[in-house]
Amino acid sequence: MAVKNQNKGLGRGLDALLSNASQDMGIKHESPSSSLTSIREIELGQISPNPFQPRSQFDRQSLQELADSIKQIGVIQPITVKKISAGRYQIISGERRFRASGIAGLKTIPAYIKDVGENSMLEMALVENIQREDLDAIDIAISFQRLIDECNLTQEALSPRVGKNRATIANYLRLLRLPPEIQFAIKNGAITVGHAKAILGLESEQSQKNLTDRIMQEGLSVRETEALVQKINNPATKKAAKKTAAIPEAAAAAREVLEKYFSGKVTVKPKQKGGELILHYRDENQLEQLLKALSKPDK
């Protein structure tokens, strides 16, 4: 089963993909407060792009189509700008319309002028892009990370601002743990976010890159990728060793005591030297009970 939207990557590896394109994953940012002051026609030459723009790439064909539409009927929705000095403005949102207007040969563009602080710029641009157009997953992840780092937001505080739940935000941020080559493959559409989530199941960067190459060359589906990750992480020799490994008497006794003390499941993983005792908890309540039990003073 072939992966959708992978024409640029199928049949080739990461090296081939990267050799035909250069990465541009830079970004800047901020948070909210604004009041609409006026709307007017502003010369394109007086307007600067938003330095906090979350989108790092604009599709040329899509821009040309919008430019053709603008030639026919004009700019339907004004862009939003802030005044930065006498006769100079900076885009808050609507950079795609601004670029397309230039392609269409317009000299001016209708714009709302808002009085906002710098701290509002990234958040406004990010939310507008997420709500109005498909922003690629890596650009979203980078923007989320910058909002967290530069605006001192937690994932919980970020959630209502961008209209995404915490689990979704966390999943985006996990993509930034992948090597740059794989992040670029996501941006380029050579692999999907579903593939990326499966790839994150591998610890070694080299294993992640090798698997990404295989996905692109063989057109593996997400399910096939997940099965491969499971196979890599649990080879047959490991399974056999797991079944035949004997649990030492002392470890078995320790497990029994801990299970009674913890009121939960305890797994013993013997090794050639020593081993591991793993406590499994169902939910936070059970974990709190364990912590309380462990913190009780000795009688």
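Predicted model: local features only at pLDDT ≥ 70, side-chain atom pairs only at ≥ 80, totals over all residues.

Me: Which residues make the contact?
Reply: H2 brings Ser62, Leu63, Gln64, Leu66, Ala67, Ile70 and Lys71. From H3 come Arg96, Arg97, Arg99, Ala100, Ser101 and Ile103.

Me: How does the contact of H2 with H3 split by class?
Reply: The contact has six nonpolar residues, three polar ones and four charged ones.

Me: Staying with H3, which of its residues are buried?
Reply: Glu95, Arg97, Phe98, Ala100 and Ser101 are buried in H3. Arg97, Ala100 and Ser101 also take part in the contact with H2.

Me: What follows H3?
Reply: Gly105 follows H3, and the phi of Gly105 is positive, near 85°.

Me: Switching to another pair: how do H10 and H11 pack?
Reply: H10 (residues 205–218) packs against H11 (residues 222–233) at about 150°, with 11 Å between their axes. Since an angle over 145 degrees counts as roughly antiparallel, H10 is roughly antiparallel to H11.

Me: Is the H10 and H11 crossing right-handed or left-handed?
Reply: H10 passes H11 in a right-handed crossing.

Me: Which residues meet there?
Reply: On the H10 side they are Leu211, Arg214 and Ile215, and on the H11 side Thr225, Leu228 and Val229. By class, that contact has four nonpolar residues, one polar and one charged.

Me: Why would residues three or four places apart point the same way?
Reply: An α-helix has 3.6 residues a turn, so residues with that spacing point the same way.

Me: Now the whole chain: how many helices and strands are there?
Reply: The protein chain has 14 helices and seven strands.

Me: What share of the residues is buried?
Reply: Of the 299 residues in the protein chain, 40% are buried.

Me: Last one: among contacts between residues at least 6 apart in sequence, what percentage join residues at least 24 apart?
Reply: For the protein chain, that comes to 71%.

Note on methods: Residues numbered from 1 in each chain as written. Heavy atoms only, no water. Contact = heavy atoms within 4.5 Å. Helix = DSSP H or I, 4+ residues; strand = E, 2+ residues; numbered from the N terminus. Nonpolar A, V, L, I, M, F, W, Y, C, P; charged D, E, K, R; others polar. Buried < 20%, exposed > 50% of the residue type's maximum accessible area, 1.4 Å probe, protein only. Axes fitted to C-alpha atoms, helices over the stretch in contact; angles between N-to-C directions. Parallel < 35°, antiparallel > 145°, perpendicular 65-115°, else oblique. Left-handed = near helix turned anticlockwise from the far one by under 90°.
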